[in-house]
Every structure is written in structure tokens, then in C-alpha cells.
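Me: I'd like to learn how to read side-chain features in a model. Can we go through them one by one?

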Amino acid sequence: MSKSLKRVRAALETAGIDSEIREMSEGTRTAADAARAVGCAIDQIAKSIIFRGTQSGHVVLFLTAGGHQVDTDKASDLAGEALGKADAALVRAETGFAIGGVSPVGLISPVRAFFDPRLLEFDTVWAAAGTPRHVFSAAPRALISACGALPGSFT
């Protein structure tokens with residue numbers, strides 16, 4: 001088991017989240033791929049979208065429903081600073097995960113996080129578990145609490 005997957009599992013246990021972690025043989029590069037593999041609605045996929053704050057230089061996490069796109073202008077207003085693309089090195093340095101497998105829990109350092117209220121419409125959502133091939137299930141409120149995300153309108 002990878003270090004990233006171990007961190008996610010430990011974070012879920014610490015948060016008291018009863019979760020199923022699944023390995024996907026085909027990978028879960030897109031929300032549509034993940035939804036097909038898991039057998040759920042696309043919006044039940046909780047995507048971790050990472051931006052770089054242009055003033056702070058730090059990453060900002062937007063946890064959004066799989067079928068939604070982050071509107072950069074709305075996200076910037078919510079974050080209180082302009083947002084730009086976060087490169088792979090910054091994402092890895094601040095989250096501990098590689099792009100394509102960024103989990104909203106088990107990050108190596110705290111990051112500012114916001115969530116899409118659409119996620120609250122489901123009993124269960126699925127998120128990346130630290131690798132491009134693993135996902136985990138969680139009740140949305142428990143997941144949001146575990147990653148310290150604030151609500152926001154950014155899609």
C-alpha cells in the first residue's frame with residue numbers, strides 16, 4: 001500500500017469516517033470514469049480541484065461535484081485572491097499527493113478548502129484516495145468536516 005493511501009486511510013479513521021476504499025483497475029482520471037467504475041451518479045464524485053493563490057503562493061482546494069466546473073472568477077472571489085494554475089511540484093509539496101489522486105483528507109499540511117453544496121444532496125460521495133487508482137466513500141457532511149471545507153458558490 002502506498003504512503004499516500006495509508007495517509008488517507010489513517011485520516012479517515014481519525015475522523016471516524018466509516019469508508020470503503022476501492023482500487024479501480026482502469027483508474028479514475030475523470031469524474032465520469034470514476035462514476036462509471038463505482039456505479040454512482042457523476043455528481044457523487046467529489047473532485048479535488050487545486051489552484052494556487054497568486055498572492056499567497058499556497059494551494060486552495062475546491063471540493064466540487066463531479067459534473068460541475070469551477071468558475072475561476074467565483075473561486076477567486078471566495079478565496080479572497082486571484083487564483084492560477086497550481087503546478088505538479090506545488091501540489092505535491094503542499095498536499096503530499098500527485099495530481100490525479102489528490103485526496104481532500106490526509107494532506108501533509110492544512111490547506112484552505114471550500115465545498116460545492118451540491119455534494120450535500122447525496123447520502124454518499126466518492127473522492128480520490130491519494131492515488132489515481134483509488135477512491136473512498138464517505139457521507140458528505142463527514143467528509144467536509146474532515147477536510148475543514150467552507151461552503152461556497154464557485155461553479
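**Cysteines, a buried threonine and aromatic rings**

Reply: Start with the cysteines. Searching the whole structure gives zero disulfides, a disulfide being a pair of cysteine sulfur atoms within 2.5 Å. Cys-40 is in none; its nearest cysteine sulfur belongs to Cys-147, 18 Å away. This is a predicted model, where local features need pLDDT of at least 70 and side-chain atom pairs count only at pLDDT 80 or more, while totals for chains, interfaces and linings use all residues. Residues are numbered from 1 along each chain as its sequence is written, and side-chain values use heavy atoms, with hydrogens and water left out.

Me: Is Cys-40 buried or exposed?

Reply: Buried means under 20% relative accessible area, exposed over 50%, and partly exposed in between (1.4 Å probe, protein chains only). Cys-40 has 18%, so Cys-40 is buried. Cys-147 has 12%, so Cys-147 is buried too.

Me: Where is Thr-64 placed?

Reply: Strands are DSSP runs of E, at least two residues, numbered from the N terminus. Thr-64 is in strand β3, residues 59–65. Its relative accessible area is 0%, so Thr-64 is buried.

Me: Which side chain makes a polar contact with that of Thr-64?

Reply: A polar contact is a pair of N or O atoms within 3.5 Å; within protein, one must be able to donate a hydrogen and the other to accept it, and residues adjacent in sequence count only if both atoms are side-chain atoms. Here the partner is the side chain of Asp-116, at 2.9 Å. Contact in general means heavy atoms within 4.5 Å. Not counting residues up to four places away in sequence, Thr-64 touches several residues, among them Ile-45, Val-70, Leu-119 and Phe-154.

Me: How many aromatic pairs are there?

Reply: A pair of aromatic rings is described by the distance of the centres and the angle of the planes. Rings of Phe, Tyr and Trp (its six-membered ring) pair if their centres lie within 6.5 Å; planes under 30 degrees apart count as stacked, over 60 as edge-to-face and the rest as tilted. The count is three. Phe-62 and Phe-114 have centres 5.4 Å apart and planes at 20 degrees, so they are stacked. Phe-62 is in strand β3 and Phe-114 in strand β5 (residues 112–115), 52 residues apart. Both are buried.

Me: What are the distance and angle for Phe-62 and Phe-154?

Reply: Centre to centre, 5.0 Å; between the planes, 65 degrees, which is edge-to-face. Phe-154 lies in the segment after β8 (150–151), so this pair ties together parts 92 residues apart in sequence. Ring pairs link Phe-51, Phe-62, Phe-114 and Phe-154 into a cluster.

How values were computed. Helices (H or I, at least four residues) and strands (E, at least two) are DSSP runs, numbered from the N terminus.
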